[in-house]
Amino acid sequence: MSAQPAPAVTFAALPEASPIPAVLAAQLSDRAAGLDLFGRLKAARAAVAGRLAFTTSFGIEDQAIVHAIFAQDLDVDVVTLETGRLFPETHQVWAETEERYGKRIHAFAPDGLSVEKLLSEQGINGFRSSIAARQACCHVRKVVPLARALAGAEGWITGLRIEQSVDRADTRLAEHDRARNLIKINPLFDWSRQRVVDFVVKENIPHNTLHDRGFASIGCAPCTRAIGPDEPERAGRWWWEQQDQKECGLHVHPAGAQSAAIAPTARI
Ligand code: SF4
């Protein structure tokens, strides 16, 4: 039997005239900019009427956020993308997190037939052959499962920070993600890496032990390496590609997207 391609992923675009998510994002940024992490997440939960999802990859930022969600018992769906290529250390901190908080983190996995087709076309590590091949792998293993994880959500919480890369320099506390038709909330957008680390240590939050070995940003095992002291945080992701093209299709600013939020004037 031949493998069938996975259904195409589409997002309903908002009508151009609809101001509501953009206005809500701006209001949330105004109200929550001066709050700590706990307060920002609580404000996000109060501002978004429908389903609110948080996608974790178990990196240091995501561990800080999951702590603030579970510690307040917020009504937020904590989900992750089990790409099939994660580090054993990532599975370890995943298990430790579920045990620590007594909560299950919902995993979204890629479609099996699509993975089989991908492997038959490009081989087990074919993503190194070109940017297009890498993006094809990320599409099957990350982008399509993310679409399922966010289905029906009105809000999406992420661990993005401005300092992580030039691609993320315009990250705001709350943004209107027009392509996905939801409000994207980045409660650590203005935090430094050191502030995140200090928070995780102070709160005794489980962390991925790869961070102790020089891994700053942690994704799939074959596409992540440790970085040197002077390298940018995301230099260890897809290091064979150009430094300014380090996104996998999850976090994009599509044409027409609005960063309607009002950033606080004072950086932390
Ligand atoms: S990060 Fe690497 S292994 Fe993971 S989905 Fe993308 S290309 Fe594939």
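Which of the 13 residues around the ligand come nearest?

## Around the ligand

C137, C138, R141, C220 and C223 come nearest to the ligand, where a residue is near a molecule or strand if its C-beta atom, placed from the backbone, lies within 6 Å of it. The shell around the ligand divides into seven nonpolar, two polar and four charged residues. Here Ala, Val, Leu, Ile, Met, Phe, Trp, Tyr, Cys and Pro count as nonpolar, Asp, Glu, Lys and Arg as charged, and the others, Gly among them, as polar.

A word on how to read this: the model is predicted, so local features need pLDDT of at least 70 and side-chain atom pairs count only at pLDDT 80 or more, while totals for chains, interfaces and linings use all residues. Residues are numbered from 1 along each chain as its sequence is written.

## The chain and its sheet

The chain has seven helices and six strands; helices (H or I, at least four residues) and strands (E, at least two) are DSSP runs, numbered from the N terminus. Along the sequence, they follow the pattern α-α-β-α-β-α-β-α-α-β-β-β-α.

The six strands form an open sheet with mixed pairing, in the order β3-β2-β1-β4-β6-β5; two strands pair if DSSP finds at least two bridges between them. At the edges are β3 (106–108) and β5, each pairing on one side only. β1 and β4 pair in the parallel sense over four bridges, with A53 opposite W156 in β4. Three bridges join β4 to β6, also in the parallel sense, and I157 stands opposite I185 in β6. β5 (residues 174–177) and β6, in contrast, are antiparallel over four bridges, and A174 stands opposite I185. In the hairpin of β5 and β6, N181 takes a positive phi near 60°.

## What is packed inside

In soluble globular proteins, nonpolar side chains tend to be buried together.

The largest nonpolar core holds 41 residues, and A44, A53, A64, I65, I69 and I157 touch the most other members. Such a core is a set of buried Ala, Val, Leu, Ile, Met, Phe, Trp, Tyr and Cys residues joined through C-beta atoms within 7 Å. A second, separate core of nine residues includes C138, V140, V144 and C220.

How values were computed:
Buried ≥ 20, exposed ≤ 12 C-beta atoms within 10 Å, placed from the backbone.
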